[in-house]
Amino acid sequence: MRSGPSPASKEKLKSWLRYYEDLGIQTFYRDRAPRQASPQQASPQQASTDKSVMTTPEKGTADTAVAKPAQPSQIRAATPKVNLVARGPSLFEAADRVEGDSLERICGELAGCTRCKLHRRRTNIVFGVGNPHADLVFVGEGPGHDEDLQGIPFVGRAGQLLNQMISAMGVSRDAVYIANVVKCRPPENRTPEKDEIATCMPFLLRQLSNINPKVIVCLGSVAAQALLNTNKSISHFRGQWLDFHGSKLMATYHPAYLLRNPHAKPEVWADLKKVMAFLGLTPPKGKRA
Ligand code: SF4
């Protein structure tokens, strides 16, 4: 028979939970047993049973914190074909539990953010822009030079190409929402590092939870890997519908990649056409379907 944690362990755990709560993270995974396979290798069914979700207690009820098994319905499995498991529901659903949460509140919490080292060389925090009730959200990797200067995502050359892609889908940029995994420009446009992504991700997850879009389009491997919690190359799942906590997720190539590899444009257009079909969008007259 298993005995519970000692009082000292409980106290230590409570202290850690308070620390992470201060960072805006309110929910954590707890592995029940040594894994037989990595999350990427596990089947969605396995993923729904080998993890439990432990939430931080409400203030004043800390010593009643319990591990709560995730319900199978809380974990929307990826398509069996790619065998990906979307990031567990904990962080995402934690956003739902932030009472009175809103994009304005999240933006306010990020003001002057120094939570990760990317703050050191940024000019502006690039929070996100667009319709707060959008059906369609685009998620990129992080701000570049122009975005850093203007504080707006996707305004450089890649942004102009994204605007063309959005327009070709029959919607305006104002009708969608655009955000990035990290809100501050990585020096020399390098790929955001794991600790930077992990620190900034809770804010993106809260943005997505507040917007509650029908479709999330991940632009590039960093966004897709971060949201799906996988190291798999985007080529493994690009163009396939995945389920992400109630939203559909489509990963496609980043517009910056298309600028360097224009031959990949037809693949991206094929992905976007799937999104259009799902959302019932029709391209404006004169645009190819
Ligand atoms: S990248 Fe995100 S977590 Fe890091 S300093 Fe900027 S806003 Fe804060």
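**Reading the sheet, the rings and the loops**

Modeller: Let us begin with strand 5, which is joined to strand 6 by 4 bridges, the two strands running parallel. Please keep in mind throughout that this is a predicted model.

Biologist: What is the general idea behind strands that pair, and in what order do the strands of this open sheet lie?

Modeller: In general, the strands of a sheet pair through backbone hydrogen bonds, and they do so either parallel or antiparallel. Here 6 strands make up an open sheet in the order 4-6-5-7-9-8, with mixed pairing. Strand 4 and strand 8 are the edge strands, each of them pairing on one side only. Strand 5 is also joined to strand 7, residues 215–219, by 4 bridges, and these two run parallel.

Biologist: Which residues stand opposite V139 in strand 7 and in strand 6?

Modeller: In strand 7 the residue opposite V139 is C218, while in strand 6 the bridge partner of V139 is A179.

Biologist: Are the faces of strand 5 covered or open?

Modeller: Both faces are covered, with L136, F138 and G140 buried on one side and V137 and V139 buried on the other. Counted by residue, 5 of the 5 in strand 5 are buried.

Biologist: Which helices should I look at beside these strands?

Modeller: Helix 7, residues 194–211, lies across strand 5, strand 6, strand 7 and strand 8, and runs at about 165° to strand 6. Helix 8, residues 221–228, is mostly covered, since 6 of its 8 residues are buried. Those buried residues are V222, A223, A224, A226, L227 and L228, and they pack against strand 5, helix 7, strand 7, strand 8 and strand 9.

Biologist: How should I read a pair of aromatic rings, and how many aromatic pairs does the structure hold?

Modeller: A pair of aromatic rings is described by the distance of the centres and the angle of the planes. This structure holds 2 aromatic pairs. One of them is formed by W241 and F278, a tilted pair with 5.3 Å from centre to centre and 50° between the planes. Because W241 lies in strand 8 and F278 in helix 10, residues 265–279, this pair ties together parts that are 37 residues apart in sequence. F278 itself counts as partly exposed, at 42% relative accessibility.

Biologist: What are the distance and the angle in the pair formed by Y253 and Y257?

Modeller: Y253 and Y257 are 4.7 Å apart centre to centre with 40° between the planes, and this pair, too, is tilted. Y253 is buried, its relative accessible area being 14%, whereas Y257 counts as partly exposed at 27%.

Biologist: Where does the charged end of K183 sit?

Modeller: The charged end of K183 sits over the ring of F127, at 6.0 Å from the centre of that ring.

Biologist: What should I make of a positive phi, and where is E188, which has one near 55°?

Modeller: Most residues other than glycine have a negative phi, and most peptide bonds are trans. E188, a residue other than glycine, has a positive phi near 55° and is placed in the loop between strand 6 and helix 7. E188 is exposed because its relative accessible area, 61%, is over the 50% cut-off. N212 likewise has a positive phi of about 55° without being a glycine; its place is the loop between helix 7 and strand 7, and N212 is exposed, with a relative accessible area of 54%. Just after helix 8, N229 also takes a positive phi, of about 55°.

Methods: Residues numbered from 1 in each chain as written. Predicted model: local features only at pLDDT ≥ 70, side-chain atom pairs only at ≥ 80, totals over all residues. Heavy atoms only, no water. Phe/Tyr/Trp six-rings, centres within 6.5 Å; stacked < 30°, edge-to-face > 60°. Buried < 20%, exposed > 50% of the residue type's maximum accessible area, 1.4 Å probe, protein only. Lys NZ or Arg CZ within 6 Å of the ring centre and 35° of its normal. Pairing = 2+ DSSP bridges. Contact = heavy atoms within 4.5 Å. Axes fitted to C-alpha atoms, helices over the stretch in contact; angles between N-to-C directions.
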